[in-house]
Structure formats: structure tokens, C-alpha cells
Amino acid sequence: MRYILRRLGFYLVAAWAAVTLNFFLPRLMPGDPATALFARFRGQLSPEAMEALRETFGLTEAPLVKQYLTYLGHILRGDMGISVAYFPSEVSGVIATGLLWTILIAGTAVVVSFAIGTTLGIIAASRRGSWLDNVMPSVLIFVGSFPYFWLAMVVLFIMGFTLRWFPLGHAYSDNLTPSLSLEFISSVLTHAFLPVATVVVATLGGWLLSMRNNMVSVLGSDYVNLAKAKGLKPARVIMRYAARNALLPSVTGFGMALGYILGGSLLTEIVFSYPGQGYLLVQAVRNQDYPLMQGIFLMITLAVLGANLIIDVVYLWLDPRTREIGR
Amino acid sequence: MNEPVLKIENLSVDYVSGETLVRAVDRVSLDVKPGEIVGLAGESGCGKTTLAKAILRILPPPAIITGGKIEYGGKDILEINEGELRNLRWQKISIVFQSAMNALNPVIRVGEQITDVILAHKSVSPDEAYDRARQLLEMVGIHPIHINSYSHQLSGGMRQRVCIALALALEPEIVIMDEPTTALDVIVEREILNQIKDLQARLGFSVIYITHDLAHLLQFSHRLAILYAAHIAEIAPTQELRENPLHPYTQKLMRAMPSLAQSEVKPETIPGTPPSLANPPPGCRFHPRCDRAIEICRREKPPLVEKATNHLVACHLVS
């Protein structure tokens with residue numbers, strides 16, 4: 001418990017550092033959002049309105065320290081300002097929608113890919129030297145080494161454009177309004193299928209190979225050999241003795257992948273015009289939408305920290321040896 | 001003498017390395033009688049551990065058994081199917097590994113590692129299995145509270161005791177002990193050896209005890225086999241071997257032990273190193289290190305012949 005609290009303290013400090021960097025970075029870049037917005041309105045904005053806008057974005061003439069404190073206060077209340085690109089929506093609202101879609105596709109993809117890849121890794125290692133073990137990893141690594149956007153575009157072109165099996169973009173059909181109806185849910189699922197499937201196919205090989213290699217080294221260990229000598233059923237030897245131990249390094253990788261979900265699904269969302277976090281980020285950059293950018297960067301950082309914290313806790317549960325250090 | 005429980009006949013094990021085979025155990029024959037402690041001594045890399053693992057067919061992949069028989073209960077262990085093999089493992093023959101540090105699964109509790117083998121072989125309830133596990137721990141002098149411990153929470157000596165308790169869980173007929181005390185300090189080593197001796201006397205199982213430490217075996221085994229470069233050099237009842245070692249290698253091993261009685265006698269060393277098994281010398285494998293080697297030793301491999309009752313030796317000088 002003390003261990004978890006200590007970790008928690010560490011993550012709070014890291015989060016504070018991220019929030020602070022997040023404040024300074026955009027202010028070091030050229031241009032300012034109010035001017036950008038002014039340009040958008042093609043000069044039809046009065047100087048008073050302009051001044052009011054600056055105020056809304058927190059870009060006052062106040063000293064930096066005061067700006068920073070105001071910013072911190074806002075962040076703590078979950079107020080990240082007004083979006084320029086999606087004016088006049090609040091950044092928190094814009095991010096929340098994007099976040100939902102990103103978690104749906106990228107989250108599903110990472111979990112599915114990890115589960116399938118790890119299972120295949122266990123199978124490949126326990127049938128070492130079989131055709132499965134010889135062919136499967138190489139094929140999946142081959143597929144995974146294509147540039148992802150290219151792979152995704154080819155799949156979209158064939159299955160979406162030519163064969164028309166799947167929609168070309170968006171999270172659900174334009175003629176539907178979000179509801180819990182069967183029609184809406186199935187629309188969401190068909191729209192999510194290609195983005196999820198391409199990410200799974202591209203990342204499967206990595207999970208498979210790392211689990212397979214962990215398994216191969218664990219299978220050579222004394223405790224697995226002893227489990228065999230005990231006359232236990234092969235399934236128990238493989239799962240409870242070998243895979244249970246081989247899983248540990250993969251869990252670390254899984255945690256990192258979870259953390260990168262928000263930042264990493266950029267390409268997927270661009271190729272499939274999916275309205276997630278990555279897509280929003282591109283919009284934000286295009287429109288010099290600082291508040292939105294800041295909000296997204298902050299979410300990405302927090303996601304990485306959050307995923308790390310989760311993995312720390314999961315690790316305590318998975319590996320009893322780490323509990324000692326915690327005491 | 002009564003019938004052996006285990007009969008190893010002309011067993012050969014090779015390690016596949018690229019195109020070539022390296023023979024780690026070469027036509028070794030050995031039998032084990034009920035309630036007998038058979039010692040197997042030899043230098044590192046002479047094939048002791050390979051032989052031990054071959055008996056339970058748990059040799060890791062590059063090793064293959066290339067010949068011979070291992071008879072147990074009228075059947076050849078090398079021929080039986082997977083199901084029969086699983087039945088035989090641990091119920092009839094169990095093993096204690098050299099490195100207690102690594103022999104226990106680090107992420108599951110000691111209790112589960114003892115009960116899973118009981119539950120796999122006996123039709124008892126999990127509660128009964130746990131009761132048995134507690135008894136076993138107590139039997140080797142570990143407080144039953146450690147049933148809920150993980151291996152990293154135990155000391156090296158405790159881990160090895162857990163491994164011994166584990167080996168005795170199903171009251172097997174034969175326990176193979178592969179250098180069970182190598183990783184321990186001499187005091188713990190002494191305690192554990194005494195414990196093994198006590199348990200063996202009480203429960204009456206046979207032991208195949210493997211070590212490079214001849215001194216141990218001389219005071220503790222009934223019969224002793226000396227292994228040199230994958231071959232058996234000499235086998236004899238321990239008493240006989242101590243008083244009348246016939247093979248020059250055995251004689252040198254005896255002189256290499258420090259003597260408590262005559263402290264002014266310096267232990268001798270055996271010059272040279274054991275031969276590479278990938279490229280063993282022709283004839284007797286010991287001849288390059290043997291100061292009494294004669295012409296025939298360089299050409300012909302000496303057969304293992306019985307020189308006295310139950311005393312077998314493979315040396316041209318003796319036959």
C-alpha cells in the first residue's frame with residue numbers, strides 16, 4: 001500500500017511537470033490563436049471582440065506567472081478553454097467526444113492484438129519447430145513491417161472502395177443520430193471494424209514474437225522442467241508454469257501500448273477519417289487551435305502516466321517478488 | 001540380493017550440435033535396488049545430470065536418447081506412452097534439482113506447487129492435499145506457515161528442503177538427487193544431508209545421488225559409481241571402493257580428498273582437464289591423465305569387468 005502511495009506521488013509530480021510544459025510550449029511558438037481566429041473571420045471582427053477573444057483564450061497581457069496560475073486553476077477544474085477550430089465549443093467537450101472514439105478503436109485494437117498475439121506466442125513456443133512456429137511469426141512480422149498508413153490505405157481501398165464491404169470513413173453513418181438502438185450500434189461496429197482490424201494485423205507480430213521468445217527462455221528453466229517431471233498435464237505446465245512467468249515482460253509492453261493509444265492512433269484516424277483524438281490533433285494544428293492542442297497533449301501525457309500507474313498495480317498482483325520492494 | 005527396481009542398460013544420450021553428435025552418456029548401465037542409495041560421482045560435464053534427466057525423460061531439446069533401455073516395473077521407460085509416463089513421473093520416480101533457487105516457480109505459492117502434484121496423481125480433495133502439503137513441510141523441518149510463501153521469501157536451504165518435501169509428496173520408490181546441496185553452505189549442506197539420510201531410513205525409498213563431491217558419497221551411499229567422460233569407470237559397494245579402489249582415476253580422486261586423520265598429508269591434484277566429449281581421446285578416455293597408461297590404453301577402450309563381487313571396473317591395468 002505504501003508502495004502504491006509512493007508511486008502515486010511520483011505520478012502526481014510527473015503530471016505537474018507535464019501540465020507546466022504544456023503551458024509554456026505553445027507560448028514559445030510563433031503566432032497566437034486570436035490572430036488566427038481573426039484571420040478566419042476575414043477582418044470582420046472588431047478590435048473589442050478580438051480583445052474579448054484573447055481574454056477567453058487566457059492570452060492576457062498579464063505577467064506570465066499570473067497567466068500560469070490562472071491556467072493551473074482552470075486545469076484543476078477541468079476547464080481547458082474554448083476551441084478555435086470548433087469555436088465556440090469548450091475544449092473539454094470536444095476532447096471528450098474524440099476521446100470516446102479513440103478509446104473505442106485504439107483501445108479495442110491494442111487489447112485484441114495483445115490477447116491474440118500473446119496466445120499465438122504461447123502456442124508457437126509450445127509447438128516449437130512445427131510449421132506454425134516457423135511460418136506464422138515470419139508472416140506476421142512481414143505484414144507488420146509495411147508502413148502502417150500504406151497498409152491501411154490498401155485495405156481501405158480494397159475492402160471499402162472497391163468491394164464496398166465497409167464504409168470509407170467516420171464513426172457512424174451520417175443519417176443516424178447517436179442512440180442505443182441496434183441500428184446505431186451496428187453502424188458504429190461496421191465503421192470501427194477496418195481501423196481496428198488494420199491495427200491488430202499490423203501489431204500482432206510484435207506481441208507474438210515477444211511472447212514466443214519469453215516462452216522459449218522460460219520453457220528452458222528448471223521450474224518448468226520440474227513441473228514436467230512432476231507428471232502434470234501439459235496444459236498446466238504450459239499455462240501455470242511457463243506462460244504465467246513469460247507474460248511478465250509482455251505486460252510491461254502492454255502498458256506502454258495502452259499509454260500510447262491516444263497519441264498513436266493518429267495515422268489510423270487520418271486514413272479512416274475517424275473523428276478521434278488523433279484526427280482532432282491534426283485539426284487543431286491546422287487551425288493553430290492552441291487550447292485544443294494543449295488539451296490533447298495533456299490527455300496524451302495523462303494517458304501514458306495513467307497506463308503506467310495501472311501497470312504498476314497489475315505488476316504487484318502478477319509478480320509477488322515486486323511486493324517485497326514495496327514494503 | 002533382491003531384484004533391482006530400476007535397471008539402466010547401455011544408455012546413450014547425445015547432444016545434437018549442428019551436424020555432429022556429442023555423446024554425453026555412453027552405454028552406461030546401472031541398477032538400483034530397493035532402499036539403496038546409489039552414488040554417482042564425477043567431474044563437471046561427465047554426464048551425471050544428463051543421465052539423471054534421461055531417467056525421467058526430461059532432457060531439454062538438443063539432447064536425444066540414442067540407445068539403451070531404462071527398465072522400471074517390467075517396462076522400458078523409454079518406450080512407454082505419454083500417459084504412462086505421466087503416471088510414472090513423481091508417483092514412482094521423483095527428482096530434486098541441483099539449483100533450488102530456480103526449481104520453484106517464482107510467481108505461485110509453495111503450497112500450490114506441492115498440492116498440484118498431489119491433485120494430479122491422487123483422487124483427494126484440495127483440502128486433503130493441503131493437509132498433506134503441511135505435513136510434508138513439517139517433515140523437512142519447515143514451519144507449515146510457509147505453505148503460503150513464495151520461493152523468494154525462503155532462504156536457499158529452505159527452498160531445497162521444500163524441493164525435498166516436494167519430491168517425497170507421493171512417496172515414490174526412487175528419488176533422484178542431482179547435487180541437491182551444491183548451492184548451499186557447508187553447515188546447511190550437512191543438515192540437509194542428515195535429513196535425507198533420516199528420511200531415507202524411515203521411508204525406505206531408493207536414492208540415486210549425484211554429486212562431484214566424493215567425500216559425501218563415501219559416508220552416505222551404499223554403492224558408488226564413478227563416471228568419467230560419459231563412461232562408467234568403476235562401480236562398487238562403497239565400503240569396497242573406499243578400501244580397494246581399482247581404477248587409477250578413482251585412486252587419484254581418493255588421494256585428492258583432504259584427510260582429517262593425517263593432516264600433514266597434502267591432498268593431491270589430478271593433472272590435466274577432463275576430455276572434450278565432442279572429441280574424446282581414443283582408447284581409454286582417462287589415458288592422457290593417467291601416469292600408469294600403457295600402450296593398449298591408447299588404442300582400445302577397456303571393457304567394464306567384474307573384478308570382485310559387485311565390483312566392476314573398466315581398466316586395462318586391472319584386467
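Modeller: I will start with one helix: the buried residues of α13(A) pack against α5, α11 (261–264), α12 (266–271) and α14 (290–318) of chain A. The model is predicted, local features need pLDDT of at least 70, side-chain atom pairs count only at pLDDT 80 or more, totals for chains, interfaces and linings use all residues, and side-chain values use heavy atoms, with hydrogens and water left out. Residues are numbered from 1 along each chain as its sequence is written, while chains are lettered from A and ligands numbered from 1 in the order in which they are written.

Colleague: What makes helix α13 of chain A mostly covered?

Modeller: A residue is buried when its relative accessible area is under 20%, exposed when it is over 50%, and partly exposed in between (1.4 Å probe, protein chains only). Seven of the 10 residues in α13(A), residues 277–286, count as buried. They are Q277(A), G278(A), L280(A), L281(A), V282(A), Q283(A) and A284(A). After α13(A) comes Q288(A), with a positive phi near 50 degrees.

Colleague: Why is α10 of chain B called largely enclosed?

Modeller: Helix α10(B) covers residues 248–255, and seven of its eight residues are buried, so the rest of the structure largely encloses it. Among the buried ones are Y249(B), K252(B) and M254(B). Their cover includes α8 (214–220), β9, β10 and α9 (238–243) of chain B.

Colleague: How do you know that E90(A) counts as partly exposed?

Modeller: Its relative accessibility is 42%, and partly exposed is the class between the buried and exposed cut-offs. E90(A) sits in the loop between α4 (64–76) and α5 (91–126) of chain A.

Colleague: What does E90(A) touch, not counting residues up to four places away in sequence?

Modeller: E90(A) touches D79(A), G81(A) and I82(A), where contact means heavy atoms within 4.5 Å. E90(A) and L292(A) are 202 residues apart in sequence, with C-alpha atoms 8.9 Å apart in space.

Colleague: Is A230(B) buried or exposed?

Modeller: A230(B) has a relative accessible area of 1%, so it is buried. It is in the loop between β9 (223–228) and β10 (231–237) of chain B, and its phi is near 75 degrees, a positive value in a residue other than glycine. Most residues other than glycine have a negative phi. N310(B) is not a glycine either, and has a positive phi of about 60 degrees. N310(B) lies in the loop between β11 (305–308) and β12 (311–313) of chain B, but at 42% relative accessibility it counts as partly exposed.

Colleague: How many helices and strands does the secondary structure of chain B come to?

Modeller: Chain B has 11 helices and 12 strands; chain A has 15 helices and zero strands. Helices (H or I, at least four residues) and strands (E, at least two) are DSSP runs numbered from the N terminus.

Colleague: What makes chain B as compact as a globular protein of that length?

Modeller: Its radius of gyration is 20 Å, close to the 20 Å from the globule rule for 319 residues, so chain B is as compact as a globular protein of that length. The radius is taken over C-alpha atoms, and the rule is 2.2 Å times the number of residues to the power 0.38. Of those 319 residues, 53% are buried. In chain A, 46% of 327 residues are buried.

Colleague: Where do the positive and negative side chains of chain A have their centres?

Modeller: Chain A has 23 positive and 16 negative side chains, and the centres of the two sets are 18 Å apart. Lys and Arg count as positive, Asp and Glu as negative, and His and the chain ends are not counted. Each charge is placed at NZ of Lys, CZ of Arg, CG of Asp or CD of Glu. In chain B, the mean positions of 33 positive and 37 negative charges lie 3 Å apart.

Colleague: What is the area buried between chain B and chain A?

Modeller: The value is about 2300 Å², with 57% from carbon and sulfur atoms. Buried area is the accessible area (1.4 Å probe) that two parts lose on being put together, summed over both. In chain B, R86(B), V107(B) and H152(B) lose the most area to chain A, together 24% of what that side buries. By the contact criterion, 27 residues of chain B meet 23 residues of chain A.
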